[in-house]
Each structure stands twice: as C-alpha cells, then as structure tokens.
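I am opening a notebook on a structure that is new to me.

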Amino acid sequence: MTAEPLPPQDIESLRVVIIDDTADLRELLRFALVRGGMTVVGEAGDGRAGIAVVAETVPDVVLLDLSMPVMDGLEALPPIRELAPAAHIIVLSGFGATQMAERALDLGANGYLEKGASLGRVLDHIRDIVDGRTTNPIGRALTPTHESPLQAAPGDEASRVPVQRDAAAAAAEVWDALTLAPFGIVEVGAEPPFRILRINPAAEELLFDASQPDVTSAGTPFNICAGDIAATIAENRLRGDIDFEAVLDWQPINVNIRHTGTSLLVYLRTITEEVGVLRSAIATTAHEIRGPVAVLCAIAEAITEDDLDPEEHRRLMASVARQARMLDGITADLLTAAQIQRGTLRMDLRDVDPAVVADAVIGDHDVTGATLEVTDRRLVRADPLRLSQMISNLISNATKYGEPPIRIRVRPSTDHDRGVCIDVEDAGAGVPVEFRSKLFREFSRASGTAAAGTGLGLHVVRTLAVAQGGTIGYAAGEHGGSVFTLTLPAAVRD
C-alpha cells in the first residue's frame, strides 16, 4: 500500500516519529527535522516500542531503523503500516541500501536511506517522498533492476549480466559459469530454513559426504549441512551483505553472504587461520567504526548552524563526546593488540582506587541502570589507564551482548587475601557453553555475531590482567546472564 502525496503546503507541518536504537542519532534527526519545520511527535529505541508510539500518535512520516534489538525494522514495518496506512515510512540502515531496499518496499516502505547521509539530504528525501518524488538518494529508483540476481564473487571481476530477455535464462547462464569456480557457491532461499536452490561442485565437496551418493543437496535446509553458518545468517539477515569466519569439519572457512533480492548467495573459501582472522578483523572493525563516524559527520554538519541555542549545542557536544569515546575504545584495543603482538606492551603500575576508576567509566559510558557496589575499599596495584580500559571493555561487552541491569561490584577475593575482585554482571542470556573456552581468544566471536564487535575486547582484558599480575574469569550468573571477574593484587601498605 502506498501513501498518497500530501499537498505541498502541508510539508512543513509534518508530524514525524523516529524509531532507532542509537540515542545520539535520534537526537540528530530530531534536530534536523525541527529545523526543517517538522514536528517530532514520538521516538522509540526498538521496533516493538515504535509500534506503540505510532499507534498513539498516528504520524505523517516514520523514520524506521532496520537493525534494532527486541524487534527489528522489517518485523515492525507491517504493523506500523497497518496502524498508519497514510504515513510515509522511510527505512534507515547502515548496511547497504541496494540489498535491502526491495524487501523494505515489499513490506510497505516508501523510501530508503543509508545512515551517514547528510542531514540536509535526509530532509530533502523526506520532502521528495511526501511530494511523490520517490527516487532513492543513492541515485537510482527503488524498483527491481533488470540485472541478473547472481553477482560476482566478492573480490572477483564483475559478472553482473544486463538482461534484455528472460531474467531466469540470464541467471542460469551466469550460474553455469560459476559452477566452475574453485571456491564453493551455494544459492539458498532468503528465509529460514534457507533451503538450497543451487550448489556448485566445490561447495558440494565441502558440505556433503561423497561416500553417501543417495544424499541429494537440492531442497536440503542449509542448517542440516552447515548449522553454524545458517545460524549466523539467520541472526544477521537484516545486515545486508556480511562476511565472517566459520569452521567446517575442523577446516577454517571464509564465508561471504550476498543478497540478490530473492535469494542469498553463500560463498565458501577455505583459508589459512591467519588470513581468515585478518579478514574478519578488518571487516568487523570497519563496521564498528562506521556508526560513530556517521554520527560525528552529521554533528559536524549540524553545528555550522548560526542560530544554535545553548541547550542544542550542549546536547550535540555530549553526543560528540560519547561517539568519540567509542572510537577511542576501538583504537585503544587495536593499539594494545599490536603492542601485544610486537612485545612492546608496557605497564605503569601504581596504587589505584578501583572503585573511583569504575565509577568514572560508568559515567563515561552513560549506562542506564548501571549500579556500583563497593565492599572492598583497598587500593590495587595497577596501571590506571589500563585498568580503565579493562573495566570499559567489560562494561561495553555487557551492554553489547547482555541485557540490563548491569551491576559492577568491587569486593574482596574469595580465593586469596591479597586479591581485589571487580565483577561486571549483566542479565542477558549468558555465553553459550560451547563458546566459553574461546572467550578470551583474539578476534573470537560466538556464532551469530558476525558484525558485532571487533573480537578484541576480552582478549585485551585478559592480556592486560596477566601483565599486571591479575586474572580474568567468566561464570554464568546465579539467575542468568554473565559475570566477568577481574582480579588484581591489592596494594601493599607500609
């Protein structure tokens, strides 16, 4: 269903709802919309809350993020369309507009914007959508292309084939060429259980036992032959194209998932562990950096306004500080990992109050509902900057992979008298049992987290803890969730 264009004279009085899980981005969008003469009538941080806000406000425009906790944008889109049939729904995503646009449009969206677009461009796109000009801001109409859905393998020369005749015939020609590829290629359905549509010989060899000739791959659910890969695809299906590392029969595999619009192409390459880790590190670090950079670019645009009032300026600068701290944490971990590899890691050990450091980190992270409980007032012998980095990484890990409330405790060690423990506990689902032995490995991430985190944070914590005479451990929470315990030696009193 497509909303009818509003009369041009009504554009400046549009009522807008913003649904996005990044508070700083909501702040920036609200700033731009109000400056553009529109009214923000509601906000939400996840799809479920967004549905409730739309039901209450019935807005003219909905800006809807695709990837959110609790309920994602694609799941929330149909009920939002039903609740506000005349609204113009514009989907936001940081994962490549060309892959996800058609799915969003099929579910009732009117337009699509990539995060990182300038604030002026966002306003122009809203006005274009409302006024009936539905051209995608990346430069092409949001309609199915007349190209083969089969794309070139990542890193290879293009094999997109313009179609002047039947699209299925052209796609079959492209597939015939790809069957000779030395790496595995599997085309699967776009929704779970991701049934295999086509598979080339290299992928057959990787996924199926040649000693069982009666086993056929066509129509097989992908999770039967590659359960971990299928689980990762399911967890990240809204993220557009994704790249990650997996293991098949003890063999490291580099996996690339590419959306065609109607199916998924799964590229499988056997790789050495070193090369696989490097590729994974580059991809995930780039993803982590992109979000804060997009927000900072938008703020840089916003503060050029001459008539910012003091409160607007204060809020924008607070957003700058938060996003800059996120980038600083990522670069600090990258630098520390490099120092570990080169053997140049150095410590400046001093007597430090861990409660003071923990309290400062909590304030920097602005963690809603985080609590600090101190039952041991002793100082510890540690590098203050490294201690802050370790606690920051543990809190970031809890907010990213766990659920609130987050509790930080400074307490005496139960193992020996000279130890001081710092617990960081969350109320999430906890770490899968099969992954716990890999928790503190470099670039290690559990299945289903292909684009979340660099995989360095806990590795850095462990290395820094050991370098300061301490330890780091994990335990399942008594009532669920995770408890990470950092133990450091207490300072010796004269």
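**Entry 1: D65**

I looked up D65 first. D65 is buried, because its relative accessible area is 2%. I use "buried" for under 20% relative accessible area, "exposed" for over 50% and "partly exposed" for in between, with a 1.4 Å probe and protein chains only. This is a predicted model, in which local features need pLDDT of at least 70 and side-chain atom pairs count only at pLDDT 80 or more, while totals for chains, interfaces and linings use all residues. Residues are numbered from 1 along each chain as its sequence is written, and side-chain values use heavy atoms, with hydrogens and water left out.

D65 sits in strand 3. Helices (H or I, at least four residues) and strands (E, at least two) are DSSP runs, numbered from the N terminus. Which residues does D65 touch, leaving out those up to four places away in sequence? I found I19, D20, D21, G73, L92, S93 and K115. Contact here means heavy atoms within 4.5 Å.

**Entry 2: the sheet around D65**

D65 stands opposite L92 in strand 4. Strand 3 (residues 61–65) and strand 4 (residues 88–93) run parallel and are joined by five bridges. Two strands pair if DSSP finds at least two bridges between them.

What is the order of the strands in the open sheet? I read 2-1-3-4-5 for its five strands, with parallel pairing. Strand 2 (39–44) and strand 5 (111–114) are the edge strands, and each pairs on one side only. On average, neighbouring strands of this sheet are turned by 20° against each other, direction ignored.

Next I checked which helices pack on the sheet. Helix 1 (residues 23–35) does, touching strand 1 (15–19), strand 2, strand 3 and strand 4. The direction of helix 1 makes about 165° with that of strand 2. Helix 2 (residues 47–57) also packs on the sheet, and touches strand 1, strand 2 and strand 3. The direction of helix 2 makes about 165° with that of strand 1. Axes are lines fitted to C-alpha atoms, for helices over the stretch in contact, and angles run from 0 to 180 degrees between N-to-C directions.

**Entry 3: D426**

I moved on to D426, in the loop between strand 15 and helix 14. Is D426 buried or exposed? D426 is buried, because its relative accessible area is 5%. The C-alpha atoms of D426 and G481 are separated by 5.3 Å, although these residues are 55 residues apart along the chain. Beyond residues up to four places away in sequence, D426 touches A398, G402, E403, P405, I406, G480, G481 and S482.

**Entry 4: helix 13 and helix 14**

I looked at how these two helices meet. Helix 13 (residues 384–401) and helix 14 pack at an angle of about 145°, with their axes 9 Å apart. From helix 13 come R386, Q389, M390, N393, L394 and N397. They meet G457, L458, V460, V461, L464 and A465 in helix 14.

**Entry 5: aromatic rings**

How many aromatic pairs does a search of the whole structure find? I noted two. Rings of Phe, Tyr and Trp (its six-membered ring) pair if their centres lie within 6.5 Å; planes under 30 degrees apart count as stacked, over 60 as edge-to-face and the rest as tilted. The ring centres of F440 and F484 are 6.2 Å apart and the planes are at 85°, so this pair is edge-to-face. F440 lies in the loop between strand 15 (419–425) and helix 14 (457–467), and F484 in strand 17 (residues 482–489), so the pair ties together parts 44 residues apart in sequence. F440 counts as buried at 13% relative accessibility. F484 is buried too, at 3%. F440, Y474 and F484 form one aromatic cluster.

**Entry 6: P193**

I found P193 in the loop between strand 6 (184–189) and strand 7 (196–199). P193 counts as partly exposed, at 35% relative accessibility. P193 touches P221, F222 and N223, not counting residues up to four places away in sequence. From P193 to A231 I noted 9.5 Å in space, C-alpha to C-alpha, and 38 residues in sequence.

**Entry 7: cysteines and the whole chain**

I searched for disulfides (pairs of cysteine sulfur atoms within 2.5 Å). The structure holds zero. C225 counts as buried at 15% relative accessibility, and C421 is buried at 3%.

Last, the totals. The chain has 14 helices and 17 strands. Of its 494 residues, 49% count as buried. Among contacts in the chain with a separation of 6 or more, 64% come from residues 24 or more positions apart.
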